[in-house]
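Please keep the sequence and the 3D view open as you go.

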Amino acid sequence: MRFTAYLLPLSLLSGLSALAQTPKLRTENVVLITLDGMRWQEVFGGADSTLFRQSKHYYADPKTLQKDFGQGPPEQRRQTLMPFLWGTVAKQGQLYGNRPAGSLVNVTNTMRFSYPGYNEILTGAADDARIKSNDPLDNPNKSVLEVLNQQPAFKGKVAAFGSWEAYPYILNEKRSGLPVNAGQRLATGPGLTPGEQLLNQLEVASPSPFGEERLDAFTYSYALEHLKKNKPRVLYIGFGDTDDWAHGGEYGAYLHAAQYTDQFIRQLWEYLQSDPQYRGKTTLLLTTDHGRGVAGTQWQTHGREVVGADQIWFAALGPDTPAIGPATTGQLYQNQVAATLAALLGQDYAPTPATGKPVGAVLGHVTTTAKAK
Ligand SMILES: [Zn+2]
């Protein structure tokens with residue numbers, strides 16, 4: 001993959017400057033969504049029938065899993081698993097990371113677990129020297145969300161929702177002032193919607209199987225309420241169920257999580273297309289924080305020593321993103337997501353020399369290497 005060279009000098013002070021020489025894009029809003037630890041193997045190949053017996057307590061009947069997820073060739077099974085991704089994003093947008101077909105996406109951090117992955121996605125660069133655990137430490141690096149929120153055009157119009165309780169630290173809410181609703185947090189403030197009041201009641205009364213990390217149904221529903229009420233221009237949603245169920249060795253629940261998260265994303269997209277602020281002016285970016293292993297029970301885990309855990313995927317759907325579908329060649333990196341998000345909003349995000357460059361094809365700079373399948 002080649003990248004379009006931006007001719008403007010970098011604004012190293014703010015890390016952000018307008019891309020005045022780039023043709024005006026139609027994107028005015030961006031929604032970034034991550035599915036924690038969702039493997040490219042299932043994204044592109046659908047359910048793996050050989051793992052159906054690796055479910056313990058949830059959706060543990062191999063015959064039912066075979067009926068619900070294991071029918072037909074990989075092209076059919078991936079459509080069953082993630083019907084919005086394959087029926088809409090792959091047809092109207094771009095999808096990267098199908099390694100057997102020749103499209104590669106990798107993390108550049110060497111940790112291959114969540115905090116380093118979200119740091120790389122959201123700040124645009126790996127930081128192996130400082131971000132090397134999942135401990136709740138305030139991130140010394142500024143995220144693209146924080147930098148955008150400092151711009152007058154985006155001030156107060158950026159929000160983050162996540163299932164994992166570490167997001168307030170990853171996004172350094174103390175410094176950034178970003179609104180972050182994550183973990184067991186409730187909706188707060190005046191003017192709670194009936195939906196938010198109900199969610200607050202349900203979350204308190206629904207102990208999470210993952211401890212401090214809540215189920216994605218809450219994260220999604222809080223985020224959708226916020227979207228309808230506050231109309232942010234930049235929204236980040238970090239889903240976590242896929243990773244938690246995989247760590248638990250619950251392959252059936254992992255598959256169900258992928259499927260219902262895909263449905264959340266469809267509902268969100270349909271809302272965006274029904275609203276005048278968002279319709280035809282909003283780009284959706286989808287990715288994951290890390291891959292997982294392959295052989296035996298290695299699909300359950302990830303980390304520095306796990307072969308394949310650096311392998312991820314990335315997708316984009318929006319008015320400036322040509323419908324080239326699943327890529328069959330090229331190499332992308334996790335550190336390109338932040339600059340791509342900013343570039344869609346007409347901003348050049350390059351706070352350090354290590355910051356990844358925007359994915360040109362997402363911005364309509366289709367190269368000869370990104371061709372349709
Ligand atoms: Zn994990």
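What follows covers a metal site and then a pair of packed helices.

This is a predicted model, where local features need pLDDT of at least 70, side-chain atom pairs count only at pLDDT 80 or more, and totals for chains, interfaces and linings use all residues. Residues are numbered from 1 along each chain as its sequence is written, and side-chain values use heavy atoms, with hydrogens and water left out.

**The zinc site.** Asp243 (OD), Asp243 (OD), His247 (NE2) and His302 (NE2) coordinate the zinc ion at 2.1 to 2.5 Å; donors are N, O and S atoms within 2.8 Å of the metal. Along the chain, these donors follow the spacing D-x3-H-x54-H. Asp243 and His247 lie 4 residues apart in helix α11 (residues 241–247), so about one helical turn separates them.

Accessibility uses these classes: buried under 20% relative accessible area, exposed over 50%, partly exposed in between.

| Residue | Relative accessible area | Class |
|---|---|---|
| Asp243 | 8% | buried |
| His247 | 39% | partly exposed |

**The helix pair.** Helix α3 (residues 74–81) and helix α4 (residues 83–92) pack at about 100°, with axes 4 Å apart. That makes α3 roughly perpendicular to α4 (65 to 115 degrees). Arg78, Gln79, Thr80 and Leu81 in α3 meet Pro83, Trp86 and Gly87 in α4, contact being heavy atoms within 4.5 Å.

Note on methods: Axes are lines fitted to C-alpha atoms, for helices over the stretch in contact, and angles run from 0 to 180 degrees between N-to-C directions. Helices (H or I, at least four residues) and strands (E, at least two) are DSSP runs, numbered from the N terminus. Angles under 35 degrees count as roughly parallel, over 145 as roughly antiparallel, 65 to 115 as roughly perpendicular and the rest as oblique. Donors are N, O and S atoms within 2.8 Å of the metal (3.2 Å for Na, K and Ca); water is not among the atoms, so sites may look incomplete. Buried means under 20% relative accessible area, exposed over 50%, partly exposed in between (1.4 Å probe, protein chains only).
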